[in-house]
Amino acid sequence: MQPRNMSMSGVVDLAAVKAAGEAKQKAEQARAEAARTGGTPAAGTPLVFNVDEAGFQQDVLQRSTEVPVVLDFWAEWCEPCKQLGPLLERLAGEYAGKFVLAKVDVDANQMLFQQFGVQGIPAVFAVIAGQPVPLFQGAAPEAQIRQVLDQLIQAAEQQFGIVGAPVAPQGGEAPVPAEAPAGPYDAALAAAGAALDAGDLGGAVRAYRNVLSDDPANPEAKLGLAQAELLQRVQDLVPADVRKAAAENPADVQAQIRAADLDLVGGHVEDAFGRLVDTVKRSAGDDREAARVRLLELFEVIGGDDPRVVSARTALARVLF
């Protein structure tokens with residue numbers, strides 16, 4: 001039986017969790033401010049950019065693990081492209097970092113044109129977690145495009161936990177953010193973190209839930225709660241029994257979920273993620289959804305910027321698409 005004072009030491013750094021939560025919160029605030037002022041939020045990458053074959057790996061595939069990338073296949077001689085292109089660029093500004101727009105000149109990038117199986121232009125695809133998704137072809141009406149983009153953003157968040165990030169205006173430098181003032185929940189969050197470190201899991205869960213009852217989107221509280229609930233789930237498990245059940249019953253989704261929880265607490269992050277990706281791949285219906293949701297919960301425990309999470313998101317996309 002696991003001891004009551006289990007710690008996430010060696011698995012999750014609470015300071016890193018707090019930093020990741022603050023970064024996510026600032027991203028959402030920046031997008032909201034951009035939408036209010038009509039500007040674009042600041043960060044290290046532009047909202048709209050040209051992409052070629054040489055830069056596709058870094059500019060599109062890698063970036064798609066952090067934000068949905070919409071691809072606009074166009075050419076100078078294409079008249080419908082001249083209508084669709086500016087509309088997509090305007091929408092990229094309005095959505096303020098929830099997706100980024102990569103423009104592909106098909107005349108200069110025939111290999112990309114062929115690899116995506118484009119039949120005619122304009123053609124619009126998306127890439128989420130490294131996986132291509134066809135969206136539409138032709139100069140579609142704005143209302144229809146907005147609907148497609150909304151569905152894309154929702155799928156990226158719900159399926160992979162990808163929520164986008166604020167990006168810099170074209171040609172602009174990201175400003176250095178001023179130090180944020182102490183928030184209204186800092187004392188409560190500090191107490192919750194202390195309870196978690198001390199092994200008072202019930203106290204930590206209650207403290208984080210109290211913050212979330214007033215501020216449901218608070219990122220640090222959400223991440224801290226994910227940690228505390230993970231530890232609560234495993235504290236009464238008998239590891240040998242759990243691993244024996246998982247090994248003998250690979251089709252038992254709940255057995256695999258329990259084993260993945262133990263993997264993560266033990267520091268075997270890739271094993272936990274790989275186990276659940278494989279479970280999603282070979283299951284269906286409610287079982288598949290349970291494994292996928294638990295995988296997203298474990299992503300939150302580790303943090304979205306961790307390269308192991310980025311890799312697992314890409315693997316999840318491969319088995320879902």
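Reader: Which residues do ring pairs link into a cluster?

Author: Happy to start there: ring pairs link Phe56, Phe73, Phe116 and Phe125 into a cluster. Rings of Phe, Tyr and Trp (its six-membered ring) pair if their centres lie within 6.5 Å; planes under 30 degrees apart count as stacked, over 60 as edge-to-face and the rest as tilted. A word on sources: this is a predicted model, where local features need pLDDT of at least 70, side-chain atom pairs count only at pLDDT 80 or more, and totals for chains, interfaces and linings use all residues. Residues are numbered from 1 along each chain as its sequence is written, and side-chain values use heavy atoms, leaving out hydrogens and water.

Reader: What makes the pair of Phe273 and Phe299 edge-to-face?

Author: Their ring centres are 5.0 Å apart and their planes stand at 90°, so the pair is edge-to-face.

Reader: Why does Phe273 count as buried?

Author: Buried means under 20% relative accessible area, exposed over 50%, partly exposed in between (1.4 Å probe, protein chains only). Phe273 has 3% relative accessibility, so Phe273 counts as buried. Phe299 is buried too, because its relative accessible area is 2%.

Reader: What makes Arg63 a charge over the ring of Phe49?

Author: The label requires NZ of Lys or CZ of Arg within 6 Å of the ring centre and within 35 degrees of the ring normal. The charged end of Arg63 sits over the ring of Phe49, 4.4 Å from its centre.

Reader: How many residues of H8 are buried?

Author: In H8, 12 of its 16 residues are buried, and H8 is mostly covered. Among them are Leu223, Leu230 and Val234.

Methods:
Helix = DSSP H or I, 4+ residues; strand = E, 2+ residues; numbered from the N terminus.
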